[in-house]
Amino acid sequence: MPVVHRFDPPERFVAGTVGEPGQRTFFLQAREGARLVSVSLEKQQVQALAERIDELLDELMQAAGDDVLIPAIAPRDLTDTQPLEQPIEEEFRAGTMTLSWDGADERVVIEVFPFTEAAVVSPEQLQEDLEDLLEPEPDEIFLVRLTAAAARSFVERSLSVIGAGRPDCPFCGEPIDPDGHLCVRANGFRRRDP
């Protein structure tokens, strides 16, 4: 039976980073009282989670009408700009994530499962029996249940954290390091901040 790090609801649930732009490590972090859980993940996973939560809330706003109170934007009183809490001890590296809506409790439900090599499937493995591709039960699960307002606040902070990295090159869209980068749109010439 897996260890479930359950926060229903957390006092704080945020995405944050450690390190300098270009070398940052991303974390999801939840706190309830003295209990603190941090899970590392990729920048693209944070972005995908934030965008999907935002889409889910927008869909619920349209479908539910006046039945469920879903804020269109993050409430100002829930804005969280504080750094990640210390100590940051990674429970596991995120792999698969699921997102759902619990209509009975009016909560956004986020489940994060550890990364496993079994989740990486090669084209050759697709030809094998499906039973061989089933992932084993995970050792741990990070489960967070948020109100719609807290979920909007998570989205706002996540997009801010993602945007605080290296600026994108206006020509090729790739990140610009402090010493510039080789821009494919400039025939290999080194570009600096615009």
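Two strands count as paired if DSSP finds at least two bridges between them. With that in mind, please note that this is a predicted model.

- Strand β1 (residues 3-7) runs parallel to β7, and 5 bridges join the two.
- Strand β6 (residues 107-114) pairs with β7 in the antiparallel sense, also over 5 bridges.
- Within that strand pairing, Val109 has Arg145 of β7 as its bridge partner.

**Aromatic rings**
- The model has 3 aromatic pairs.
- One of them joins Phe7 and Phe142: their ring centres are 6.0 Å apart and their planes stand at 80°, so this pair is edge-to-face.
- This pair links distant parts of the chain, since Phe7 lies in strand β1 and Phe142 in strand β7, 135 residues apart.
- Phe7 and Phe142 are both buried.
- Phe13 also pairs with Phe142, with centres 6.2 Å apart and planes at 55°, so this pair is tilted.
- Here too the link spans distant parts of the chain: Phe13 is in strand β2, and 129 residues separate it from Phe142 in strand β7.
- Ring pairs tie Phe7, Phe13, Phe142 and Phe154 into a cluster.
- The charged end of Arg35 sits over the ring of Phe7, 3.9 Å from the ring's centre.

**Helix α3**
- Helix α3 (residues 148-163) has 16 residues, which at 1.5 Å a residue should span 22 Å; its end C-alpha atoms are 23 Å apart, which agrees.
- Its buried residues include Ala148, Phe154, Arg157 and Ile162.
- The buried residues of α3 pack against β2 (12-18), β3 (25-32), α1 (43-64), β6 and β7.

**A look at Ser38**
- The side chain of Ser38 makes a polar contact with the side chain of Gln29, at 3.0 Å.
- Leaving aside neighbours within four places in sequence, Ser38 is in contact with residues including Phe27, Leu28, Ile88 and Phe92.

How values were computed:
Residues are numbered from 1 along each chain as its sequence is written. This is a predicted model: local features need pLDDT of at least 70, side-chain atom pairs count only at pLDDT 80 or more; totals for chains, interfaces and linings use all residues. Side-chain values use heavy atoms; hydrogens and water are left out. Helices (H or I, at least four residues) and strands (E, at least two) are DSSP runs, numbered from the N terminus. A polar contact is a pair of N or O atoms within 3.5 Å; within protein, one must be able to donate a hydrogen and the other to accept it, and residues adjacent in sequence count only if both atoms are side-chain atoms. Contact means heavy atoms within 4.5 Å. The expected span of a helix is 1.5 Å times one less than its number of residues. Buried means under 20% relative accessible area, exposed over 50%, partly exposed in between (1.4 Å probe, protein chains only). Rings of Phe, Tyr and Trp (its six-membered ring) pair if their centres lie within 6.5 Å; planes under 30 degrees apart count as stacked, over 60 as edge-to-face and the rest as tilted. A charge sits over a ring if NZ of Lys or CZ of Arg is within 6 Å of the ring centre and within 35 degrees of the ring normal.
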